[in-house]
Amino acid sequence: MMLYVIKAAITLALLYSCFFIFLSKETFHRFNRCMLVGIMLVSLVMPMFHFTTSHPTTLNEEVYIVQNYIEHDTPPIIVTAQQAQGITWIQALTWIYLAGVVLMLILTLVQAISLIRFMSSGVRHTDTKGNTVILHNNDVPPFSIFRYIVMSVKDYESSRQYILTHEQEHIRLGHTYDLLLLQGMKTLMWFNPFIWFLSRDLKAVHEYEADQAVINQGSLSPTI
């Protein structure tokens, strides 16, 4: 398990670094979104494949030592006394990693429960696209999830034309599913700073993509 997580984290770090260097400044938002989602998917799948070389390398030997210890919980014979002493850190790091995963799961569960409770209140109506619009008296930033749009009564009365169209585009483009995958990746790789960079970029791309879709409509008159 730990070997898989390490390989997935390295794969994601390498792929995201390439994206940041070569593509992050591009304004093709749909392409950038596909690339960021693709990076997450590839980082999950790639560690399942095993690659071999015709001649052993120092890197291969080191990977074998770590892999053998992680999988069998015993250092191989070729490990030196200094390596055997230091390799016990793997077990400590494993427990730290699992504690982080559990904490992320708890935070996700608490957030999900709070969101469900919050969305169960408020005034509801359904737009002609089948989305449920939930209005709250409190000041709340507009957001959408699956087929639900949440906003304040104040925003609905003053800016519903743009806000509803914008959130309808988030729903139409399926951004919620990207965020579900992203949350799973953040839980699995909470220790990896690159997943948090990717999270920032993906959410920004979602906003650009929704804004562009609204502009492309040529009108800010949503179906209410």
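How many salt bridges does the count come to? The count comes to five, where a salt bridge is a side-chain nitrogen of Lys or Arg within 4 Å of a carboxyl oxygen of Asp or Glu. The structure is a predicted model, in which local features need pLDDT of at least 70, side-chain atom pairs count only at pLDDT 80 or more, and totals for chains, interfaces and linings use all residues. Residues are numbered from 1 along each chain as its sequence is written, and side-chain values use heavy atoms, with hydrogens and water left out.

**View 1. Overall architecture of the protein.** The protein contains eight helices and four strands, these being DSSP runs numbered from the N terminus (helices: H or I, at least four residues; strands: E, at least two). Along the sequence, the elements follow the pattern α-α-α-α-α-β-β-β-β-α-α-α. Of the 224 residues, 35% are buried (buried: under 20% relative accessible area; exposed: over 50%; partly exposed: in between; 1.4 Å probe, protein chains only). Among contacts with a separation of 6 or more, 60% join residues 24 or more positions apart, a contact being heavy atoms within 4.5 Å. The protein exposes about 13,800 Å², and carbon and sulfur atoms supply 66% of this area (Shrake-Rupley method, 1.4 Å probe; for residues, only the protein chains shown count as cover).

**View 2. Salt bridges around Arg-33.** Asp-178 and Arg-33 form a salt bridge in which the closest N and O atoms are 2.5 Å apart. Because Asp-178 belongs to helix H7 and Arg-33 to helix H2, this pair ties together parts that are 145 residues apart in sequence. Both Asp-178 and Arg-33 are buried; for Arg-33 the relative accessible area is 11%. Arg-33 also forms a salt bridge with Glu-209, the closest N and O atoms being 3.6 Å apart. Since Glu-209 lies in helix H8 and Arg-33 in helix H2, this second pair ties together parts that are 176 residues apart in sequence. Glu-209 counts as buried because its relative accessibility is 5%.

View 3. The side chains of Arg-200 and Asp-201 meet in a salt bridge with an N to O distance of 3.1 Å. Arg-200 is partly exposed because its relative accessible area is 47%, whereas Asp-201, at 14%, counts as buried.

**View 4. The largest pocket.** About 780 Å³ of space lies in the largest pocket. Its lining consists of 26 residues, and the closest to the pocket centre are Leu-115, Ser-144, Ile-145, Thr-176 and Leu-179. Two or more lining residues come from each of helix H5 (89-119), strand E3 (143-145), helix H6 (153-172), H7 and H8. H7 gives the most, with seven residues. On a 1 Å grid over the protein atoms alone, a pocket is an open set of points where a 1.4 Å probe fits, with protein on both sides within 12 Å along at least five of seven lines; lining residues have an atom within 4 Å of a point. Points are joined across faces, edges and corners, and the volume is the space filled by probe spheres set on them.

**View 5. A nonpolar surface patch.** Leu-15, Val-42, Val-45, Met-46, Met-48 and Phe-49 form a nonpolar patch with about 510 Å² of accessible area together. Such a patch is made of residues with over 30% relative accessible area and no salt bridge, the nonpolar side chains (Val, Leu, Ile, Met, Phe, Trp, Tyr) being joined within 5 Å. Met-48 lies in the loop between helix H2 (29-45) and helix H3 (58-72). With a relative accessible area of 56%, Met-48 is exposed.

**View 6. Phe-146 and its backbone.** Phe-146 is not a glycine, yet has a positive phi of about 50 degrees. Most residues other than glycine have a negative phi. Phe-146 lies in the loop between E3 and strand E4 (148-152) and is partly exposed, with a relative accessible area of 38%.

View 7. Asp-155 lies in helix H6. The C-alpha atoms of Asp-155 and Asp-139, 16 residues apart along the chain, are separated by 8.5 Å. Apart from neighbours within four places in sequence, Asp-155 is in contact with Val-140, Pro-142, Arg-160 and Ile-163. Asn-192 is found in the loop between helix H7 (175-188) and helix H8 (193-217). At 4% relative accessibility, Asn-192 counts as buried. Not counting residues up to four places away in sequence, Asn-192 touches Ala-9 and Leu-12.

Note on methods. Patch = residues over 30% accessible without salt bridge, like charges linked within 9 Å, V, L, I, M, F, W, Y side chains within 5 Å.
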